[in-house]
Amino acid sequence: MSKDLFRQPQGGLIDRSQTISFQFNGTTYQGYSGDSLASALIANGVFLTARSFKYHRPRGIVGSGYEEPSSLVELIGDEESGNQPITRVQIRPGLNARSVNCWPSPNFDLMAVNQYVSKLIPAAFYYKTFKWPNWHFFEPSIRRAAGLASAPKNIHHQGHYETRYAHYDILIVGAGPAGLIAALQAARSGARVMLADDGLESGGSLLSQHVKIDGKEAIDWVRETTASLDAMDNVTRLTEATVWAYREHNLLVITERSPATQNVFQRSWRVRAKQVLIATGAIERNLVFANNDRPGVMMASAIQSYVNRYAAKPGKRAVLFANNSSIYAVARDLRASGVELVAIIDSRSNVNDLPEDLQDIQVFRNYVVEQCHGTKRLRAITIKNTETAEKTKIDCDLLGISGGWNPTVHLFSQSRGKVKYDANLATFIPGESVQACQCIGSASAIFTLQKVMQDAVQKTLQALDLDQSNAILLPQLEPEAEYSIQALWHVDLNESLCSKSFIDIQNDVTLSDVHLAMREGFDAVEHVKRYTTAGMGIDQGKTGNLNVIGAIALKKGCAPDEIGTTTFRSPFVPIEFGALTGTREGSVYLPYRHTSITQWNKDHGAEMYEAGARWRRPGYYPRSGESFQETVNRESRVVREGLAVYDGAPLGKFEIKGPDALKLIDMLYTNNFDSLKIGMGRYGLMLNEDGIIFDDGVTFKLAENHYIMSTSTGNADAVNQHMEFFLQTHRPDWQVKITTITTQWANATLCGPKAREMMQALGTDIDLSNEAFPFMAMREGKVGDFKARVCRVSFTGELSFEINVRSRDSLALWETIMEVGMPFNISPVGSESNHVLRVEKGFLSLGHEADGTTTPFDLGLNWIMSKTKTDYIGKKANEIRLAENPSRWQLVGLLPDDPNELIDESAPITPGGRREASEGFVTACVWSVVHNRVIALALLENGQSRMDETIYIRRKDHVVTAKVTAPCFYDAKGQLLRS
Amino acid sequence: MQPYSIFSLARNALSGHQNWSKAWRSPPLKKRYDVIIIGAGGHGLATAYYLAKNHGITNVAVLEKGWLGGGNIARNTVTIRSNYMRDESIPFYVKSVKLYEGLTKELNYNLMYSKRSMIDVVQTYPKLREIKRRMYNGDLHNSAYERIEVDELRRRIPYLTGGGPESRLPILAGMVHPSAAVCRHDAVAWSYARAADDRGVEIHQNTEVLKLLRNSTDGSINGVETNHGTVYADKVAVVVSGHTTSITDTIGLKLPLKSFNLSAFVSEPVKPIIDVVVNCPDIGVYLSQSDKGELVIGGAPDAGQSFRRDIKQHVFEDAVCSMLELFPSFKRLKLLRQWGGTLDIAHDATPIVSQTDVQGLYVSAGWWGGFKAVPAGGYTLAHLIAKNEQHELTAPFSLNRFKRLDFILEAGTTTAT
Amino acid sequence: MLKISCPFCGPRNEVEFVYGGPLKDRRPDDVSQIEDSTWINYLTVPKNPLGPVQERWWHVRGCGCWFTITRDTRSHDIIESEVES
């Protein structure tokens, strides 16, 4: 059975007592619990698992973890979730996976024809062609051919996403040997530790190597250590958790792919750590030679993982090829697994570190692999002596390659630490830290276990500012040879072989492509990357990027450090979007504000709108059988003729107290408040320092040095900021305090000719006569059972009483009003009818006339701009503007010639109605119930001097004419307000 | 200039692509030029091209401190559109879109220019009102923008399954801007560079301008100090986006500009699912899908001045939350890469294309959303430099507007940049 | 997400604050006495350094105080934090 041919009879970290069935590309296979999809397929003798992105060449499994550049799968069914590297999928019952980007299967892929036109489609070919007739002609087919996996459509999964914040003394990234010993050191020193590791279990490289620690198998040491850590309260240990971003101020982001908590699908952490230890290990890079992408060519360290951790046998006849000493440990393990190791190709010259127990294996020194043979599977290699050029062919079905080790400096680089090139190690290593972090172990380019552990302990002590007396004891380790390497960025080949030598396997980028880019003048490393797309795939070039840099350096004849690296960007591995947001959805993400009356409104059928500052407010209250216009007309009429009520609770309210209160108010508003008497209010206009209208509202004087300011609903927060900013940063010496009382007071506003009668019906101890309680006054007393402050302010132009009560009383007040108001046919009204009424009065509305660009002079508000105050916020800016006298738009009223056609807001006014730059626009247009016709307000260039002129408004399909009038259509003298 | 076509591609394939020539030269830096352009980004390279092509001015050096096209042109969300608010702005962007449409042919380089419409997803009435203003103003200047109802919107964007009547912010309507497009950003830089170089313009990479130099007699500009020595010119243009004030500070010139960070991100590549540019102004996110299959997504800018080119986690998460509100199935899609860039913004959020109080010194800055403006920005700046008078399209963008506090306030600019 | 030290509450996450722009001089007591061009500069020209900038933040989701920090615009390092006196 194939299962036995490719699986060792014992060993590995898999659980042979649990057999699992799974499907891959339509075929059912068996594996064991603990197998990844990759290892299970290898153990089933499956070697052709993918087709490459551009050329659709046959591909196999190359790596064993997140560095996998070759085989991507997508899961089918409930688990669908886009592209997954085949090495990062754990098999489980019911798993159904298929290779991406090939159809019908990797074995027989119709797009494989691309290989035969490969000469026509080198890197960046698309910039040179596909121009005629235009890109659109080709785009749809190109888009369909690209894109790899399908986008997931459903979100069926058990549970939800969760997010958390956490603070730790020390965050250790990676639980390999360095991370584990560092965690032990930190934890025993009493620090609060988080240890996060990407793997299924802690252990890192120790999971894939046969080394002895304290005389035991490494895995035993790992399990003992994790058990000790788990027993400590001050340690949080995460597995299947990737630390994928390092932001400013030591904020790191971690996502757990598979938390133990039931119903939590994935969990993300934002961690603020005092210190960070980066123990992310190192990633092996590949070697570049012809047909180095054939199924059967695998990273040497991946082979080591498959034979040791998964007890699989990735081939029958193996050769190893490397430029460094780490290959020999792989050789040993490969041989012990029962795979025939035919030869080792060591490209280094003058090296003599072949271990004694491997003396019987044929080693070709000073040789390189020139090319692989075989298409759907490796069957032989041709090797070449680098001095004599003598060639030999060797039959094999497995080639393990190692181009050297790169410390995983991504997070370190994200922290803004600089990396530097080390010629001895032929790689980039971490330089100076910029934030409170250090790299430890292989991540800091230390490659022997002994030194890794020493380094980890020392740096942990440094991070925690402890001395040597606190150092924990290191375990006993076996002697190990030092790592040694001779750079081999690519094998020296003719151009024809270069075009088959893959430097970025995932994006099908060949060595020829790099040379082509440079030939065309793209020789900065970022240019090469963008021109060829090397390093831009899902694997982000983890196994290939350094070879690109090396290839550029070789061609230019300089050292890799002069080339530099491309920018390391987050995330370190792809992260599901859902995992970032947790439960922040809907109203948790976009909280809305509501009043005590909101539910009453909903119960009475109000159409709720989203108003400024995320308040939910009733737009109108439709009755059955009514059209929208009929409802609005009815509500408007009831305000003009009878009695209405609306909920004004959301309006901003601020209490301003102190000896300098008046000074502040006079500085904030354009008009004068000196003469305001106690118990009276005044409408004020507020500008920003640029002179633009910012807000408006009525401010009341309660007592000497004691005022209540009201603002618009939408700008309450902004006004609060504006006032506090002014006081605290510019006038800290002024004695005045502002208290936000927006939500402490609610109000119900009665409006209409019957408002006073209604107040009397409610019962109040306030003298309601016009003499005792004039327009713009505020009186305190009882209304019904409620303590209240009643204000005579009006946005509708009718007699109004705004009854302010404590918020907790507002619903009861409202219900009382509705009851007492029944004989008056009281009606609740919403913002739509309010809008109609204020247009009839020509009152300013923020968002319509004042849109963040208009000044008060634009709106003809000269009457409210104090001429006696020498200074207030925004005054000088407008003076400067007016001095140059640019023509400005001004507020006017419009009477359209057709009295029945409603014109939409924003319709532009242009000279003669022609299609050219506008001279104004309609800011509001409503059906006036008072005049039984359409009326509008507009901003018009020099409007105030164009009364009675006919102007032209462009609507979508036709032009409309209207007459310019004063911007007030009802009760211009305000007599009704004052009644 | 070596022509690019299917024929030259085929011909070169036969020789193993050994005969492609350099897209641009690396000439030695001279002591003097007629014009120095600081910054080989999209705008800088376009300006150089149009100086040569439209005005016959070829003794031009473009000085770039890093690698050509390595600034914001290398990292943006490639949205090209002209649906702005103000009469002063719209014609400029309409021109830019028009230039873009003909650029592949003009520069003999496939920009992969893909006209595909932008659709605003409107969720509140105030925003609908604001967008209607854009719609009407756009109509006056031949920049079409039309309303569509919710069912048509969903038909065109089938993956937009959120925003229903029971959701937190139900969709009210959509607004379609048909002339919106995307294209390959690197190709824009490389094609302008190649074409400008072909006409004699010199592009000098790894050449950093350390300061501006002024004549001691009349204070006019007379050159720049670089890390490769002094270079003289009577006309110097600063076209460096976020770093504008760093350069103008060297002569104490005050400009109303602040630099800030704007970030974006892409998803893993998936098969085609979105063929328009989607903008959601009420919740602050916009996205499109590249030809490679990656979703390209952007959100709001960071608070605070910054040159760090990074990602603020909370700003990023908000953009993702917003996206998932309307596209809930994207929860299972994966983030692949993210990046930040430095932009500058003028006090009134409208760009600056202008002469300055220093004779011979020109500035093109305040482009937040400058990718769509590259062709017209270059075209008009070249005009200004060549003739010392503003092109009519950028006359409103002059610095003089600040002397009257006559701001061009693009109120509530959409999130899409 | 910056970690900002509020002078009263200590180090807090950026989301608790509102950004208030780079430091400007104290608004003069009577702006009507200021030269037009000076005032235009005051309104429109901010400091925009490639390096440390003094800027204001408001602890709106905390104690409500406005304070000034000095932050390096290249690295986000916060060098100082103080309240107006």
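Start by selecting chains B and C: 24 residues of chain C are in contact with 25 residues of chain B, where contact means heavy atoms within 4.5 Å. The model is predicted, so local features need pLDDT of at least 70 and side-chain atom pairs count only at pLDDT 80 or more, while totals for chains, interfaces and linings use all residues. Residues are numbered from 1 along each chain as its sequence is written, chains are lettered from A and ligands numbered from 1 in the order in which they are written, and side-chain values use heavy atoms, with hydrogens and water left out.

**Chain C against chain B**

About 2000 Å² is buried between the two chains, with carbon and sulfur atoms giving 58%. Buried area is the accessible area (1.4 Å probe) that two parts lose on being put together, summed over both.

Next, select Lys312(B) and Glu14(C). Their side chains form a salt bridge, at 3.1 Å from N to O; the term means a side-chain nitrogen of Lys or Arg within 4 Å of a carboxyl oxygen of Asp or Glu. The count between chain C and chain B is one salt bridge.

Now colour strand S3 (18–22), helix H1 (36–44) and strand S4 (52–58) of chain C, each of which supplies at least two residues of the side that touches chain B. Helices (H or I, at least four residues) and strands (E, at least two) are DSSP runs, numbered from the N terminus. H1(C) gives the largest share of that side, four residues.

**Asp695(A)**

Move to chain A and select Asp695(A), in strand S37 (residues 693–703). Asp695(A) is buried yet has no salt bridge, and the nearest side chain of opposite charge, Arg617(A), is 11 Å away. Buried means under 20% relative accessible area, exposed over 50%, partly exposed in between (1.4 Å probe, protein chains only). For charge, Lys and Arg count as positive and Asp and Glu as negative; His and the chain ends are not counted.

Show Asn715(A) as well: its side chain and that of Asp695(A) are joined by a polar contact of 3.2 Å. A polar contact is a pair of N or O atoms within 3.5 Å; within protein, one must be able to donate a hydrogen and the other to accept it, and residues adjacent in sequence count only if both atoms are side-chain atoms.

**Arg838(A)**

Last, select Arg838(A) in helix H24 (residues 831–841) of chain A. Arg838(A) is buried, with a relative accessible area of 1%. Its side chain reaches the backbone oxygen of Phe843(A) at 2.6 Å.
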